[in-house]
Amino acid sequence: MRPRIPLLVLASLTAGTRIAYAAAHAPRVTARCLTGEACFPSAATLAAFNRTIGGKLHAERPIGAVCYPGDPAFNQNACDTVTQNWNWDQWLSFQFGDLEQTNWETCGPSDACLVPRASNSTCGQGSIPAFSVHATTSADVVAYVKFATLHNLRIVVKNTGHDERGRSAGQGGFAIWTHGIQSQSRNKSFVPAGCQTAPQDSLTFGAGTQWWQAYAFADEQLVVVVGADGGQVGAAGGWFQGGGHSVLSPTYGLGVDNLLQATIVTADGVERTVSECQDPDLFFALRGGGPATWGIVTGVTYKALPAPDDFTLLVAAASFTNASDNTKLLEAYAAQAPHWADIGMGGVITAFSENSTFFGILKGGSVEDAQAAIAPITGLFPEGETPIIAPSPSFLSIFSSTFDVNNKPVGINSALSSRLIPRHYFEEDSAAVVDALLKGQALLQDQAETQSIQIFLDSPPPGSNPNTTSVTPVWYNSPWHVVYTSTWDNDATTAEQRQRFANLHQAAQVLRDFAPDGGAYSSQADVFEPDHENAFWGAANVAKLKAAKAKYDPENVFTVWQGIGWDGEQDPKFRCYQPLDPTLGAYAH
């Protein structure tokens, strides 16, 4: 049950919200009008707007509010439901007032509404916008953009809440939730807008479609579509706008390599259909230039790929009694990385100090092909832990039994940092790659033993249109995409949280120094990624992206943390991001 306050009592809520914001936050100069400021639309104005969109404007509270005695939203039965589902990714994606990584719901420990309650805490609004439009049609999105720009409001775009860098929340913002724009269809003779190309098979998804729905639909149609490794991730949201890596990428390319067309509402309130032939500069920007930066996407069309006769699944788990044996296995994985990329092997290695697991997928290969691919590493597994190789009739069957079988860790405070490691490092000295990864992991300090290194084998083939997407070209020649993670509990102090971010920053710095010609995936990068434009996009792409930004959003209506057109960390809109303390951490470089 979502704590939602109907617009019938909007007037009293708006007044209360304004009082709370005025008391909690000193006056400040901002480029956008925020909730609680005198410029924010009145209750009567909001109610009039609500009537024009069929009652889809909602006053919002964090979903944890129902668990705080004394809060107007307190409801023990509703709290029981929230508590039971707090760590279920799919359930959370169907609520507005939450994010999967709960620290992005907050504005520091004193302005939060987490479950379970932190000691001696009250429920604050945090970074959850106090108002949102629950869109179900493109017309709702157009109306939202026109209203928000007319009143100079801070636009916040949320789809599933999966964003891992806090970009789908914003204190004082006026939000739109696109989760309700649901549709899936197939066109076997699709021609992108403005093009005169040969018709091709395609799948089109509404903005709110999630990958579990898209994969099921593709399977029904007996085709394959490149999507995320998590079923709860949106098929038409930040995933593809950041580039969209996938276990299928080594065979079929990134999500943006498979994007044929998109519909988007831009800052002028116009819904545009964009492709390589129609508004190609905006289409280029959408193909990796970052989420919630170019407008609000209402739908996407991807290539529908012929399903192979079968896929081959590889599952390998190894538990050692000492770290050195596990390191030798990781070194063997690294040595095989270029070859596995060449044959289209996708997957993920999850490595702790003394154990590791590997899920791999080989498209159309036989069991014998898979056995040959992993033959160089099989002798390194402990007795009784031989890798499992099995054919599978469809991608959906593999996805459902591996990547999607376990709930993604959600309802926790966490952050990431990452690096794309180019191929030549593996060819020159693969053991040195592993050594750098482990040195970075050690800088997570007390979490070096409890948090894994995730190594995604998701480099697209070199010929996957690297010059037509806006992601860094490094993506197309990096066998490993390495991700570090850190977590903390709800009682963590500001200093403790800042230490976690500093540790992640220093861990990634080891990899930045090791592979200075590498890059980073903008959706899983260090929150304080230095030289982020070059890391995410590369200088040549950044020039094109800034030109597109100036053309389609000259007033920077759509801005997010480290996005094209942002005004930097000093922008008051980003006051809830804890500043990086460069004195923390143990790594000198």
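Me: How many disulfides does a search of the whole structure find?
Reply: The model is predicted. A pair of cysteine sulfur atoms counts as a disulfide within 2.5 Å. With bonded cysteines counted along the chain, the pattern is 1-2, 3-4, 5-10, 6-7, 8-9. The number found in the whole structure is five.

Me: What is the handedness of the disulfide of Cys-33 and Cys-39?
Reply: The sulfur atoms of Cys-33 and Cys-39 are 2.1 Å apart. The torsion about their S-S bond is about 110 degrees, so the disulfide is right-handed.

Me: Is Cys-39 buried or partly exposed?
Reply: Buried means under 20% relative accessible area, and exposed means over 50%. Cys-33 has 3% and is buried. Cys-39 has a relative accessibility of 44%, so Cys-39 counts as partly exposed.

Me: How many residues apart are Cys-195 and Cys-277?
Reply: Cys-195 and Cys-277 form a disulfide with their sulfur atoms 2.0 Å apart. The torsion of 100 degrees about the S-S bond makes this link right-handed. Cys-195 lies in the loop between β6 and β7, and Cys-277 in the loop between β10 and α9, which puts the separation at 82 residues.

Me: Which strands stand at the edges of the open sheet of five strands?
Reply: The order in this sheet is β6-β7-β11-β9-β10, with antiparallel pairing. An edge strand here has a single partner strand, so one side is left without a neighbour in the sheet; the strands concerned are β6 and β10.

Me: How many residues in the contact of α10 with α13 are charged?
Reply: The axes of α10 and α13 come within 9 Å and cross at roughly 150 degrees, and the crossing is right-handed. Among the residues making the contact are Glu-331 and Asp-342 of α10, and Arg-423 and Glu-427 of α13. Besides nine nonpolar and two polar residues, the number of charged ones is four.

Definitions and conventions:
Residues are numbered from 1 along each chain as its sequence is written. This is a predicted model: local features need pLDDT of at least 70, side-chain atom pairs count only at pLDDT 80 or more; totals for chains, interfaces and linings use all residues. Side-chain values use heavy atoms; hydrogens and water are left out. Axes are lines fitted to C-alpha atoms, for helices over the stretch in contact, and angles run from 0 to 180 degrees between N-to-C directions. Helices (H or I, at least four residues) and strands (E, at least two) are DSSP runs, numbered from the N terminus. A crossing is left-handed if the near helix is turned anticlockwise from the far one by less than a right angle, and right-handed if clockwise. Contact means heavy atoms within 4.5 Å. Ala, Val, Leu, Ile, Met, Phe, Trp, Tyr, Cys and Pro count as nonpolar, Asp, Glu, Lys and Arg as charged, and the others, Gly among them, as polar. Two strands pair if DSSP finds at least two bridges between them. Buried means under 20% relative accessible area, exposed over 50%, partly exposed in between (1.4 Å probe, protein chains only).
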